[in-house]
Amino acid sequence: MTTYLIRRTLQSIITVFIVSIATFGMMHLMPNGIVRGMLGQHYDAQKAAALTHQLGLDRPVYIQYAKWLDRLVFHFDLGYSWTYHQNVSDLITENLGQSIYIVGLSLFFTILFSVPLGVLQATRRNTITDYTITTFSFIGYAVPVFFLGVVLRDLFQVQFHLIPTAAQIASFHDAFTQPEQMILPVATLVIGGVAGYSRYMRSAMLDEITQDYVRTAIAKGATKRRVLYGHVLRNAMIPMITLVGLSLPTLVGGALLVEQIFNIHGIGVLTISAALSNDFGVVLGTTLLTAIVTVIGSLVADISYAALDPRVRLT
Amino acid sequence: MDEIIAESPAAGEDVPSAEQMLGLEPTEKPRSMFRRGLEVFLENRLAVVAFGVLVLYLVLCFLGPLVYHGNTSHVQMDEITLPPGPSHPLGTDQNGVDELGKLMKAGQISLEIGIASGVLASVIGMLYGAIAGYVGGWIDAVMMRAIDALLSIPLIFGLIYLASTVGRTKTVFIMVIALTSWFSLTRLTRGDTLTIKVRDYVAACRMMGGRSPRIIFRHILPNTIGTTIVNTSLSIANSVFALSVLSYIGLGLQAPNDDWGGMFANGSSYLDQNYWWMIYPPGVSIVLIIISCNFIGDALRDAFETRLQKR
């Protein structure tokens, strides 16, 4: 187990390292683009050259990368945003709260709903219940997040006025004190999530139901309820851990769109508005952050999977 | 479990009789993979309907403008935000532009970019996977680790990043979307390649002096084509989605050349005014194309995936 832990952690560190090279590389493929974006309308060759020198963009790429990595690792310094006039790291800390709030709530409710739905489908396999849920999950899975979000907004805020349209949610405090504003964004993400998760839960349950230990338990006289919830469900939950780890990027990406639709100023809207005004430092920072979160997520998922399922080969 | 049961040949079906095997009776000519695949595909009603929807949209967007001449180019202030009516079947937008004409024009862009980048992603993914799997060793390990790293960047962040740094033209979007969506096929093709490259016919080919490119292109890739075909269909759906996401957040193609995502974004900014005809036609078009491609992909998987082949 210890060897596996070390190996898997090292692998993640290497992955993060490659991600940092990739994002840095993308940003610096066209150093002129950065300078041009910063100067905007005041662009002229002389100013551009001065700024290039000032930012150190005229030095070899590997030195720039080393300096950037040094500042990032030892000072958590991701550079300066010239549109927000703030440090990128401060910007991220300010906007992180409301994004984590949405993603966390969505993940919680997605699991809360999809586990019972999956169990229901597996126990009522090939009945009307199963087919109905399957059809809805196919639709929920295929409908793009932004379309679903706009439809929900149209229904609940414009047509029936069930939820008031509020001013922008700009901080974690806003998000926490106006829970009614969180209903639709979270619902948008949960509907898409449940569609996918309940399918996995269904097949995980079906995989376990056919195992020998289930037959043994039934032969020993255990009740159906006990077998189903005491044995099958517990084992079927294990693959779900991996799924949560793997679906983090989708969830984070979805949260970005949901923020845009429901006017919540979090990491997503920060990234979008920075990208629209060529503020690459911010985009680089948030991209790197989400990538690291994803890598950590799948690391935690893999380790808990190995810890919970003794059958997993630790190679 | 279903699949395992389904895979075992049904009794009495397609099993050659003793006479046939001894050559006393002429055996039926074996049906080609595509012929067989087509039969399985046509049995799936849902997929046939989905295919019909896709064809309808292609006809509407590419042939429609030849028949229907709506104003899609100039501002007409006396005709702004008209609801659907006889002169404008889908109404007009805030500039008095005919929505049906715009839907066709935007559809051309969505479908062109979607299909082109879907196909491109499949080609990249197939080649990368086959090469990584065939070469093996540390090169394979490095190639796959690189994919792990790229996969951990959420797709949308990668897209925003590339679209905002590289610039925005049709070609760029095709490349950008293709470059961010070939990873899953690569893993599948690599897996197939690992099992194919140890087969006897590959060894035989190598013994007869067949070089690596020949083995990859003539022996390995044709055997993984089923996976690729399935994936292409899913990848087109993903590309249409990715493009519409980019347009929705304002990083897509610019206004006169926008796609369905751009139309949808424009419409949904008038949500409070209740101009539903500006929101739902492009939105539903995106959803229909994505659902259709997914259903077609599922049916193609039943038809062409050799691992799941029923007959």
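Asn263(A) is partly exposed, having 16 other C-beta atoms within 10 Å. (Buried takes 20 or more other C-beta atoms within 10 Å of the residue's own, exposed 12 or fewer, and partly exposed is in between; C-beta atoms are placed from the backbone.)

A word on the model: it's predicted, local features need pLDDT of at least 70, side-chain atom pairs count only at pLDDT 80 or more, and totals for chains, interfaces and linings use all residues. Residues are numbered from 1 along each chain as its sequence is written, with chains lettered from A and ligands numbered from 1 in the order in which they are written.

**Exercise 1.** Work out where Asn263(A) sits and what its phi is.

*Solution.* Start with the location: Asn263(A) belongs to the loop between helix 11 and helix 12 of chain A. (Helices are DSSP runs of H or I with at least four residues, strands are runs of E with at least two, and both are numbered from the N terminus.) Then check the backbone: phi is near 60°, a positive value in a residue other than glycine.

**Exercise 2.** Describe the side of chain A that touches chain B.

*Solution.* Take the totals: 39 residues of chain A and 35 residues of chain B make the contact. (Two residues are in contact if their C-beta atoms, placed from the backbone, lie within 7 Å.) Now look for the top contributor on the chain A side: helix 13 gives the most, with 8 residues. Finally, sort by class: this side has 26 nonpolar, 11 polar and 2 charged residues. (Nonpolar covers Ala, Val, Leu, Ile, Met, Phe, Trp, Tyr, Cys and Pro; charged covers Asp, Glu, Lys and Arg; the others, Gly among them, are polar.)

**Exercise 3.** How do the two domains of chain A meet?

*Solution.* Get the bounds: domain 1 is 2-89 and domain 2 is 92-203 + 235-314, as given by an automatic or database domain assignment. Their C-alpha centres lie 29 Å apart. The contact takes 21 residues from domain 1 and 21 residues from domain 2. On the domain 1 side, helix 1 of chain A gives the most, with 11 residues. By class, that side has 10 nonpolar, 10 polar and 1 charged residues.
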